[in-house]
Amino acid sequence: MGVQSIQKLIEKDKVDLITGVTFSNVMMAVAKPLADANMIFIGSNAGPGPLAGPQCNQNFFFTSWQNDAQSEVMGKFAADRGYKRVYVMAPNYQAGKDFVSGFKRFYPTPLVGEVYTQLNQPDYSAEIAQMMAAKPDALYVFYPGGMGVAFVRQMRQAGALGKVPLLSTSTTDGSTLPALKETALGVLSGTFWGPDFPNPVSQKFVADFRAKYKRIPSQYAAQAYDAALLLDSALKKTGGKVDDKAALRAALRQADFKSLRGNFKFSANGFPVQDMHVFEVAKDSTGEVSLKTIATPLKAHADAYVSQCPLK
Amino acid sequence: MSLFIAQLLNGLQFGILLFLLAAGLTLVFGIMSFINLAHGVLYMLGAYFAAAAFALTQSFLLGVIVATVGVFLVAAAADRLGLSVLHRRDHLDQVLATFGIVIFCNELVRWIWGNAPVFMDTPAALSDSLDIFGFIYPAYRLVILAAGLVVAVGLYWLIERTRIGMLIRAGASNRVMVSALGVNIGWLNVFIFALGGGLAGLAGALIGPITSVQPGMGDGVLILTLVVIVIGGIGSIRGAFLGALIVGLVDTLGRIYLPMLLRNIADPSVANAVGPALASIGVYLLMAVVLAFKPDGLFPVRRRQG
């Protein structure tokens, strides 16, 4: 599906530039047709490891993050906090394992438990009971989307939230918080941006977004917004021209725009070098359940794969 | 040891959850001989109706009632408006048609409520956990346990002890004879189908606050539900109840204890890879074994020969 859409854009619509792509598996499938067409691509979500390492491409830019960064920051956070006994849980598929290995890269202490649940499992009560019996200092999980909603609710209902610090990736984000609300208070998660950032670009974005959609923007909206800002900055530099790919590429690489996240620049592989933060689910000044920045364990963080990328 | 008891309770509780879904499916499948893959859709609608009513009124009880009655009516209307045509077609046609309905309804729900999970919470009084015999157990889960038992007893009474139940049983064994005696078997079928739907709606409303209310939420659970009624014996409420408990226990205990056992005999990384994979096929292996030795399921309906 993804490959067909990309080929239609390249061959039929003859577009100059493509942006988007949410899922890493789709990203891996469309990377080849994009590269073969010498297409300039701005990724706004998926950031699979191979594209940051050996298969990196000078035409690819990512305004999101390399997939591992969001779990690496939580690993660093757990290490900084001095947790001795950490338990991890994730769904049993490739992304689940990738996030756990990202976490371990920055949390070298052996884990007291490493549990992989079935993808889209409805009930976690047994795993939660098992985890509580192990009495860990902290729990790290990666449960995106509906799995995160179910898992956090069941943690709350089992009385486990508040007893064991819950560190997470993609579990309490803008896509699941509207379904969880107060249930998720106190859960920690790691990413690159949160709606409480004080910089003016971010504040304006949050205010405009709330006025239009009546909700707090998610990080996914933020990274897509940055993709648009990046493109805008590059087009201003080339005077709106897109024919000269080398010039457009050079303009994009400079990343000369005010990002929502503050500091932003590209590594050689087209992935961002950026600060990674830890957020706590808390009520904001208007009483809505949102994310509050509580720590920045990784400053100007580049991904782990850039050394395998032949680009300079 | 107390952990093992807690896991047993978790398994039973998951079984009860499956029973709420399986009860409706086994009635429709067993008595009307109608394979309804869209049963999972009715469950999803129940969860969404409950969430919508909850958002409007802030009353959990009202949400449950709206979901049960609402899905009962939806199922009755769907049966009258076209599904009844399928009753006399063969099973493959039913599978194809109801699978189409699944895809259609998932998209419809996505269109109305969006792709993201919607908010649904347990009533405040039940959101905590209780301390029973030294281990902590979520209060809301006990409500589900109770609801499952009430549904089981209620259905047993309805089928075995009432006039409608008698007609349902008669219709299951010889529908021509029943209609020759002046009973409107068409309306009887509408009632059974709507009853199955109402039970699925109730299940959706009760399970919504535990899992995630989102498009396609019924699809995965439907497969486990089919396993339950095949193991228990199609058309049998008793079979659905005991089958659901067996599947709940096998699935839960397998998930926890298979990887632990493997870790004792194999390398941890191998155990971590193989354990969950083995546990996830546990219930299907069980189904295969049951089908091999008792093709009618463990607790089949007693049928008179004739």
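Of the 312 residues of chain A, 56% count as buried, where buried means under 20% relative accessible area, exposed means over 50%, and partly exposed lies in between (1.4 Å probe, protein chains only). In chain B, 50% of the 306 residues are buried. This is a predicted model, in which local features need pLDDT of at least 70, side-chain atom pairs count only at pLDDT 80 or more, and totals for chains, interfaces and linings use all residues. Residues are numbered from 1 along each chain as its sequence is written, chains are lettered from A and ligands numbered from 1 in the order in which they are written, and side-chain values use heavy atoms, with hydrogens and water left out.

**Chain A: overall build**

- Chain A has 11 helices and 11 strands. Helices (H or I, at least four residues) and strands (E, at least two) are DSSP runs, numbered from the N terminus.
- The radius of gyration of chain A is 20 Å. A compact globule of 312 residues would have a value near 20 Å, so chain A agrees with the rule. The radius is taken over C-alpha atoms, and the rule is 2.2 Å times the number of residues to the power 0.38.
- Along the principal axes, the C-alpha atoms of chain A fill a box of roughly 60 × 40 × 35 Å.
- Take the contacts in chain A with a separation of 6 or more: residues 24 or more positions apart account for 68% of them. Contact means heavy atoms within 4.5 Å.

**Chain A: surface and charge**

- Chain A exposes about 12,500 Å². Carbon and sulfur atoms supply 55% of that area. Accessible areas come from the Shrake-Rupley method with a 1.4 Å probe; for residues, only the protein chains shown count as cover.
- Chain A carries 34 positive and 26 negative charges, and their mean positions are 2 Å apart. Lys and Arg count as positive and Asp and Glu as negative, while His and the chain ends are not counted. Each charge is placed at NZ of Lys, CZ of Arg, CG of Asp or CD of Glu.

**The disulfide**

- A disulfide is a covalent bond between the sulfur atoms of two cysteines. The search counts a pair of cysteine sulfur atoms within 2.5 Å.
- Over all chains, the whole structure holds 1 disulfide.
- A:Cys56 and A:Cys309 form a disulfide, with their sulfur atoms 2.0 Å apart. The pair links distant parts of the chain, 253 residues apart. A:Cys56 sits in the loop between α3 (49-52) and β3 (60-62) of chain A, and A:Cys309 in the segment after β11 (289-301).
- The torsion about the S-S bond of A:Cys56 and A:Cys309 is about 80°, so the disulfide is right-handed.
- A:Cys56 is buried because its relative accessibility is 13%. A:Cys309 is also buried, at 3%.

**A buried strand residue: A:Met89**

- A:Met89 belongs to strand β4 (residues 86-91) of chain A. Its relative accessibility is 1%, so A:Met89 counts as buried.
- Leaving aside neighbours within four places in sequence, A:Met89 is in contact with residues including A:Val115, A:Thr117, A:Glu127, A:Leu139 and A:Phe151.
- A:Met89 and A:Arg249 are 160 residues apart along the chain, and their C-alpha atoms are separated by 40 Å.

**Chain B: overall build**

- Chain B contains 11 helices and 2 strands. From the N terminus on, its elements run α-α-α-α-β-β-α-α-α-α-α-α-α.
- Chain B has a radius of gyration of 20 Å. A compact globule of 306 residues would have one near 19 Å, so chain B agrees too.
- The C-alpha atoms of chain B fill a box of roughly 65 × 50 × 35 Å, taken along the principal axes.
- Among contacts in chain B between residues at least 6 apart in sequence, 79% join residues at least 24 apart.

**Chain B: surface and charge**

- Chain B has 16 positive and 12 negative side chains. The centres of the two sets lie 14 Å apart.

- Most residues other than glycine have a negative phi.
- B:Ser33 has a positive phi, near 55°. B:Ser33 lies in the loop between α1 (2-32) and α2 (39-57) of chain B, and is partly exposed at 35% relative accessibility.
- B:Gln58 also has a positive phi, near 60°. B:Gln58 is found in the loop between α2 and α3 (60-86) of chain B, and counts as exposed at 57% relative accessibility.
- B:Cys105 is buried, with a relative accessible area of 14%.
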